[in-house]
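Have a look at the structure first, then read on.

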Amino acid sequence: MTDSKSTKQLSTLTFIGMTCALVASVRNIPDVAATGWTMLFYMLVAVLFYAFPISLISGEFAGMFPQKGGPELWVSQSLGRKWGFVVSWLLWVQMFPGMVMVASALAPLFGNMVNNVPLGLNSKFTLLVILVVYWIITLLNLKFDMAKIGGKIGVWLGLYIPLALMLLLGVAAWIKVGIMPNGTLGKFSWDLLVPDPSTAKSFVYFAPIMFIFTGIEMSSVYITRLAHPVKTYIRGIFAALVFLFVVNTLNALVVANVVPKGQMELNNIAQSISIDCQILGLPHMIVNLFSLLVFVGVAVQLSAWASGPAKTVTESARKGAYPPRFNFWKTNEFDVSKAVILTQSIIISVFALFYLLIPGVNQAFLMLVNATTVIYCIVYLIMGVAFLRFRKTNPAIPRPFRIGKKEGNGNLGAWLVVLVLFAAIVFSVGLTLKAGTWINFVAVVLISGILFVAPLCIEKIRKPSWEQEIKNKLSEQKSMKQSE
């Protein structure tokens, strides 16, 4: 009894820290910086109308279903097994373009490490680095528990140290030279804060900015460990979002100040560090060291992420969601499915070909991040529908955290939150696709459409016998291990 009580006590500061660690990233800073002064508008909209509603919806769901499962469990409880499987699938497949997008930062980092920046920005070299690194990661995940090994190391090398160094050097450069007139940021004027709908090319970066906050729903799993769920969760989430807004915006401001207008390299995290060192007269070794740290950190984080969604697929397979012959149900001593890991590695390798087929690294990068964001947005749309339906069908279930009042028109708050989220998603995704090239539009719509329809097709051919067959195979496997 004492143990269970102690696990429930989580301070507000600890909860804020855990939430920030889930979504904070250095790789999104160039996306934000590319919008100039308009970043303040985009970041504010993303926080208030996207991240905050998702956090509130997730908080109510997690309070009712504290057990493991997350969005898949919540949607299954409301809309049934079919849509729970769709959500589970989408959370897995979003990593196909997502992992390629994150891994694309490795090539410029390597170029900076060896003092050959043009090499790191070459599309063919970017493809080569992604394939080599990701297949090394794949092999490591089959031989070691990389999620356990890489968690803390990856966060420090790939997040905390780079963010601190980027801000420190950027502020020092700003103090020395002030606002650079030829920079992406440029001279301030009030009209630059809000994008002009008729001319704003920066709309293409709106979805990537929203992508910063994807995954924030997972912080809701801690809600049952808070002493005062309602007050602490709202305060903690709001404080975490304010912190993320400040950290991302400050870093983006100092990056946008020094990078010349029209020359932002979206997958080159070290670009501003190199310029800062030139301004401050610091040795180029700092750029080499920064690039090495982030390279190792990103590679380690990628390794840890590779096995996470794969385990969700394995759990779905054991419930009979996939044909037994796929062997998605079968795991090794590290509880990792070789079949799932190899399948996702092959598909990620195919997505990496974008850097060979699409002209320009920036265009390929935007295409991948837009596709990832759209897929995640579909998950949030399904979650919103599931949330409203569960309010209607199960009003009496105890809710440790609840949106709106319990009495009277208690569902008004819930409807408002969901409608705000839906409006933000439709508005941002629509503007992003409209502002991009036709190739970007076609590619993102095709990728998102195919990956959304695929689980519906799998569900249609699903046989009741799959689950029992897999149970029999697992039982046989267990008997063989015991006899050994």
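This is a predicted model: local features need pLDDT of at least 70, side-chain atom pairs count only at pLDDT 80 or more; totals for chains, interfaces and linings use all residues.

1. A word on terms first: buried means under 20% relative accessible area, exposed means over 50%, and partly exposed is in between (1.4 Å probe, protein chains only).

2. Residues are numbered from 1 along each chain as its sequence is written, and side-chain values use heavy atoms, with hydrogens and water left out.

3. How many salt bridges (a side-chain nitrogen of Lys or Arg within 4 Å of a carboxyl oxygen of Asp or Glu) are there? The count is six.

4. One of them pairs glutamate 60 with arginine 399, with the closest N and O atoms 2.8 Å apart. Glutamate 60 sits in helix H4 and arginine 399 in the loop between helix H18 and helix H19, so this pair ties together parts 339 residues apart in sequence. (Helices are DSSP runs of H or I, at least four residues, and strands are runs of E, at least two, numbered from the N terminus.) Glutamate 60 is buried, at 1% relative accessibility. A network of salt bridges links Glu60, Arg391 and Arg399.

5. Lysine 471 and glutamate 467 also form a salt bridge, their closest N and O atoms being 3.9 Å apart. Both lie in helix H21, four residues apart, so about one helical turn separates them. Lysine 471 is partly exposed at 45%, and glutamate 467 is partly exposed at 30%.
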